[in-house]
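Welcome! Take a moment to look over the chain below, and then let us walk through it together.

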Amino acid sequence: MIRYIARSKENIALGAIMSRFEYLKLADAVAAEIASGALKAGDRLPPQRHFAYDRNIAVSTASRVYTELLRRGLVVGEVGRGTFVSGEARRGNAAPPEPRGARIDLEFNYPLLPHQATMIAKSLEGLERPEVLEGALRPATSYGTRAARTISSEFLAR
């Protein structure tokens, strides 16, 4: 039986100061436990809240650690059951960090609609020209551009 431990206020401040590298160190520590055999395939990890309390970190940081472990393929999550150590052969290998200044990794961004790739390509047309891209990246005011207001008013007038 799992008991509720009311300590959430203690952990909030700790998560605010934890850097990216610190939560990755925690993920590396869990990965090392998996690689050493201390955690075996099928072992259930504690709920994120308990993981956070045991390590005196914010629950949001624990969530980042679990997400990193999932990204590396070391664990699998099952809704309603928990997070379990994966049985995959590649477990225990630390994933290399993404280099600074690198292109954006779109590995998990894939089209959801049948023709979404075509729609995205069409929406990006012309952005290769610097003057068009500059206009697209220019900060917008809260009331929008004249063209946007005209289009909106025409649409609402229908």
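Which residue takes a positive phi just after H4? The residue is Gly-73, with a phi of about 80 degrees just after H4.

## Before we start

This is a predicted model, in which local features need pLDDT of at least 70 and side-chain atom pairs count only at pLDDT 80 or more, while totals for chains, interfaces and linings use all residues. Residues are numbered from 1 along each chain as its sequence is written, and side-chain values use heavy atoms, with hydrogens and water left out.

## The chain as a whole

The chain has seven helices and three strands. Both kinds of element are DSSP runs numbered from the N terminus: helices are H or I with at least four residues, and strands are E with at least two. Starting at the N terminus, the order of the elements is α-α-β-α-α-β-β-α-α-α.

Of the 158 residues in the chain, 21% are buried. Here buried means under 20% relative accessible area, exposed means over 50%, and partly exposed is in between (1.4 Å probe, protein chains only). The accessible surface of the chain is about 12,300 Å², and carbon and sulfur atoms hold 58% of that surface. Such areas come from the Shrake-Rupley method with a 1.4 Å probe, and for residues only the protein chains shown count as cover.

A contact means heavy atoms within 4.5 Å. Among the contacts in the chain with a separation of 6 or more, 56% are between residues 24 or more positions apart.

## The largest nonpolar core

In soluble globular proteins, nonpolar side chains tend to be buried together. A nonpolar core is a set of buried Ala, Val, Leu, Ile, Met, Phe, Trp, Tyr and Cys residues joined through side-chain atoms within 4.5 Å. The largest one in this chain has 19 residues, and Phe-51, Val-65 and Leu-69 have the most contacts inside it. Helix H2 (20-36), helix H3 (48-55) and helix H4 (59-71) are the elements that give two or more residues to this core. H2 gives the most, with seven residues.

H2 also holds Lys-25. With 58% relative accessibility, Lys-25 counts as exposed. Lys-25 and Val-65 are 40 residues apart in sequence, yet their C-alpha atoms are 8.9 Å apart in space.

H4 has 13 residues and reaches 18 Å from its first C-alpha to its last, close to the 18 Å expected at 1.5 Å a residue. The expected span is 1.5 Å times one less than the number of residues.

Which residues of H4 are buried? They are Thr-61, Ala-62, Val-65, Tyr-66, Glu-68 and Leu-69. Seen down the axis of H4, these buried residues fall within an arc of 155 degrees, so they line one face of the helix. The arc is that of the directions from the helix axis to the C-beta atoms.

## Phe-51 and its aromatic partner

The buried residues of H3 are Phe-51, Ala-52 and Tyr-53. Not counting residues up to four places away in sequence, Phe-51 touches Val-30, Pro-46, Ile-57, Ala-62, Val-65 and Tyr-66.

Rings of Phe, Tyr and Trp (its six-membered ring) pair if their centres lie within 6.5 Å; planes under 30 degrees apart count as stacked, over 60 as edge-to-face and the rest as tilted. By this rule the count is one aromatic pair. The rings of Phe-51 and Tyr-66 have their centres 5.1 Å apart and their planes at 75 degrees, so this pair is edge-to-face. Phe-51 in helix H3 and Tyr-66 in helix H4 are 15 residues apart, and their pair links distant parts of the chain. Both Phe-51 and Tyr-66 are buried.

Asn-56 lies in the loop between H3 and H4. Although Asn-56 is not a glycine, it has a positive phi of about 55 degrees. At 48% relative accessibility, Asn-56 counts as partly exposed.

Leu-45 is found in strand S1 (residues 44-45), and at 5% relative accessibility Leu-45 counts as buried. Leaving aside neighbours within four places in sequence, Leu-45 is in contact with Tyr-66, Leu-69, Val-75, Thr-83 and Val-85. Leu-45 and Val-85 are 40 residues apart in sequence and 7.2 Å apart from C-alpha to C-alpha.

Thr-83 is found in strand S3 (residues 82-85). With 15% relative accessibility, Thr-83 counts as buried. Beyond the residues up to four places away in sequence, Thr-83 touches Asp-43, Arg-44, Leu-45, Tyr-66, Val-75, Val-76 and Gly-77.
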